[in-house]
Amino acid sequence: MKLPSLNFATKLAIALSLFAVLPLTLVGYSLSVLNLNTLKNLSRELYLAVAKNVALRLEQRAQDAAKLLFDTAQILDNRSLSPSDVVHMISTSMANYPDIHTIGVYDEQGQLIDAFVKSSPAPLPKVFPQPLRAGLDSLPSVLHVADEFQVATKWMIDKKFAGYLLTQLDHRALASWIGEVSAQTFSGARDRIYLLDAHLRLFAHTDTALAAQHLSLLGKGLFEGFQQPEDVLRAKAVGVSREYIGVRSEAMLGTWLAVPSLQVVIVVEEPQRIAYFSVHEMQRRVLYGSLAGIVLSIGVSVFLARWLNTPITQLVSAAQRLISQDFSFRLPTQRHDEFGPVFRAYNDAAETLERYQKINIDRVIAERNKLDAALRQASDGMIVLDAAQRVILVNHLFAKWFSLHEKDLSASPEPFEYYITHEPLRRHIESVYACSDTVVPAEFRVQMVGEVREIVLRGSFVRVLHAGELIAVLGALRNVTKEVEIDRMKTELVSLVAHELRSPLATINGFSSFIIENPALPSDTREIATIIYKESERLGNIVTKFLDLNRIESGRTEIQRIAFKLHDVIRTVVEINRPLADAKHIRVELALPSASTTLSGDPELIGQVVLNLFSNAVKYSPPNTTVRIQMLEHQHEMEVSVQDEGYGISASAKEKLFSKFFRAVDDERVRSVTGTGLGLAFVKEVVEKHGGKVGVESELYKGSRFWFTLPK
Ligand code: ADP
């Protein structure tokens, strides 16, 4: 069973009521226990008193019987009386003793010789009982309780022993008399008092059938612990109340009184259920009362706690609605207790908040409309996705490019369900979520319906973080089809021009070298021819490099896939070109592995890459410095780096370093170095075509470290 969860006030109330009721219960119970002891004492006194009373009355009867016997003896001794007078007188005396129905006359030998009978007597013994005979030697009258309650005297004729007189109190009559005493004492119950004979056998009991069994109680129930009847008769511990199982197998409380003079034991007892009734009743009432008290007080306290708790519950639920930004809820204001002002204050606060919320909502809607308008008019395509990659905002252009169905943004408060079907866009967005860069550049080629050519979209996706968590991704793309086209045309044009320049350049070169080498010509002419030769050489160099680069870029030069050892290529290139360094007294350090994994690619082009980086390092370093070329083999790639102690590159120049014709001229000395600004663009192109990466770390005036990787 699941207990209902109780609030604090209810628990407190229950605990307090338990605390209040439990001591009362304990007090009630202790009182009832005290009462039980008192009751036991009282009943002992009562039983003892009753037993003594019975004993007195029994003795009285015995004495009466003895007196009747003495009177009878005297009548019998009176010689002057005629037999009929004797009978008459004895009958008259017997009439005064309702208990006595018969008197037996025995001769000296103890033989029954005559009897005076009043009414249906219990049969007299034929022979005078021996125990009585022994007793009469010392006493005038004796009493014997065996089967009957017998009283006997001697009788004399002329002072001479003539025999015995015996009468007996009928045990049935005795039982009925005791039953009456019991009924008087114990409000009608006749079986609370009974008699035992000197052998502790049941003698007179209102239940005659039980009495007829002469059941011995020695060692049982009330007499537990007594082995001999004499012990009981002599016992001093009279009037001890005991609890025991009675003759009718019922739990009893009772006491006994031994009357040695009468040779009887009087038992007074009561069933415990009756004797203790009042105490048990009291205990029951204490228990039921306490239980009822507990239930009632818990009920009342729970009710009170709930009642007291109601305003608090109302406040809590009101506060929860505030938290969930429901400001329309109001608390009842007609309270006059201390919650009244609190409720009113809450209502005021909710009202103010509701007003602000409305103003805010209006403002937010206005802002969104503005944002929507701005997005609509933007010449860039834009998209915003939430942390779960759902599109939450997209403008018309973007939706058109990627066939996203555009919903009316202002009308629907639901999250916009756009499904991106354009596979490259979908993959790109997934990669943006997976990567860790803040800005991820993007380029797409999209075939629009009704357009002859694909359009080129270029831009970037930005990851928006809040407290280190990605909360949104913004994408902005621009249609750069025209720029790309112009770029392409430009490149084509330039390469056409460059191509066309080759033959005139060769001619200029040839003729100028002819002039230089002709000693017959004047030295001025030859000097000028030298300048022409150098410049044409330089121009030729640019043209060659440009055309090389262009061929690779446009894919006209196929990248060969030949197996080669990178460390061999590097060593060869550096060794051949070492004189470049030597001329400037630049030390060259080569840190190459003695063996490396074979790579597949174009060793010719890779050699040119290495040469470019090496010659740059030498070109852009002052004399007496060191250039260090290192190759490392990693798990999945090779890494080559060329480090110098040269002029270095500024941060702003670094970004454009790998684009065509760019030359960083932060340092004055760079200007004096001849160059085309095509070398690094070539490096990048070749490395990337091989699936590798290039990069640079550099600090102005301190040196640079150019590196590239090639996959294994
Ligand atoms: P070039 O060397 O022919 O000018 P590159 O494309 O090889 O063309 O280099 C582009 C520019 O990058 C150079 O003009 C120079 O300003 C800068 N640069 C290249 N390598 C280095 C280097 N090792 N140290 C400093 N600057 C360098």
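Start at Asp158, in the loop between strand E4 (149-157) and strand E5 (160-169). Helices (H or I, at least four residues) and strands (E, at least two) are DSSP runs, numbered from the N terminus. The model is predicted, so local features need pLDDT of at least 70 and side-chain atom pairs pLDDT 80 or more, while totals for chains, interfaces and linings use all residues. Residues are numbered from 1 along each chain as its sequence is written, and side-chain values use heavy atoms, with hydrogens and water left out.

**Stop 1**

Most residues other than glycine have a negative phi. Is Asp158 buried or exposed? Asp158 counts as exposed, at 54% relative accessibility. Here buried means under 20% relative accessible area, exposed means over 50%, and partly exposed lies in between (1.4 Å probe, protein chains only).

Now select Ser187. Ser187 sits in the loop between helix H4 (171-185) and strand E6 (193-196). Its phi is near 40°, again positive in a residue other than glycine. Ser187 is exposed, at 74% relative accessibility.

**Stop 2: salt bridges**

How many salt bridges does the structure hold? It holds 37. Each is a side-chain nitrogen of Lys or Arg within 4 Å of a carboxyl oxygen of Asp or Glu.

Select Asp197 and Arg201. Their side chains meet in a salt bridge, at 3.0 Å from N to O. Asp197 is buried, at 1% relative accessibility. Arg201 is partly exposed, with a relative accessible area of 26%.

Next, pick Glu281 and Arg284. The closest N and O atoms of this salt bridge are 3.1 Å apart. Glu281 and Arg284 are separated by about one helical turn, because they are 3 residues apart in helix H8. Glu281 is buried, with 12% relative accessible area, and Arg284 is partly exposed, with 41%.

Then go to Glu633 and Lys712. In this salt bridge the closest N and O atoms are 2.9 Å apart. The pair links distant parts of the chain: Glu633 is in strand E19 (residues 626-633), Lys712 is in the segment after E22, and they are 79 residues apart. Glu633 is partly exposed, with a relative accessible area of 34%. Lys712 is partly exposed too, at 43%.

Finish this stop with a group. Select Asp191, Arg192, Asp207, Arg248 and Glu270. Salt bridges that share partners join these residues into one network.

**Stop 3: a nonpolar patch**

Select Leu296, Val300, Phe303, Leu304, Trp307 and Leu308. They make a nonpolar surface patch of about 680 Å². Patches are made of residues with over 30% relative accessible area and no salt bridge; like charges are joined within 9 Å, and nonpolar side chains (Val, Leu, Ile, Met, Phe, Trp, Tyr) within 5 Å. Accessible areas come from the Shrake-Rupley method with a 1.4 Å probe, and for residues only the protein chains shown count as cover. Zoom in on Leu308. Leu308 lies in helix H8 (residues 277-323) and is exposed, at 53% relative accessibility.

**Stop 4: Lys52 and Trp256**

Lys52 lies in helix H1 (residues 8-77). Lys52 is partly exposed, with a relative accessible area of 47%. Lys52 and Trp256 are 204 residues apart along the chain, yet 9.8 Å separates their C-alpha atoms.

**Stop 5: the largest pocket**

Select Lys545, Ser615, Asn616, Lys619 and Tyr620. Of the 40 residues that line the largest pocket, these lie nearest its centre. On a 1 Å grid over the protein atoms alone, a pocket is an open set of points, where a 1.4 Å probe fits, with protein on both sides within 12 Å along at least five of seven lines; lining residues have an atom within 4 Å of a point. The volume of the largest pocket is about 960 Å³. Grid points are joined across faces, edges and corners, and a volume is the space filled by probe spheres set on the points.

Which helix gives the most to this lining? H15 does, with 9 residues.

**Stop 6: the second largest pocket**

Select Val484, Asp487, Arg488, Thr491 and Lys660. They lie nearest the centre of the second largest pocket, which is lined by 17 residues. This pocket holds about 560 Å³ of space. H12 gives the most to its lining, with 8 residues.
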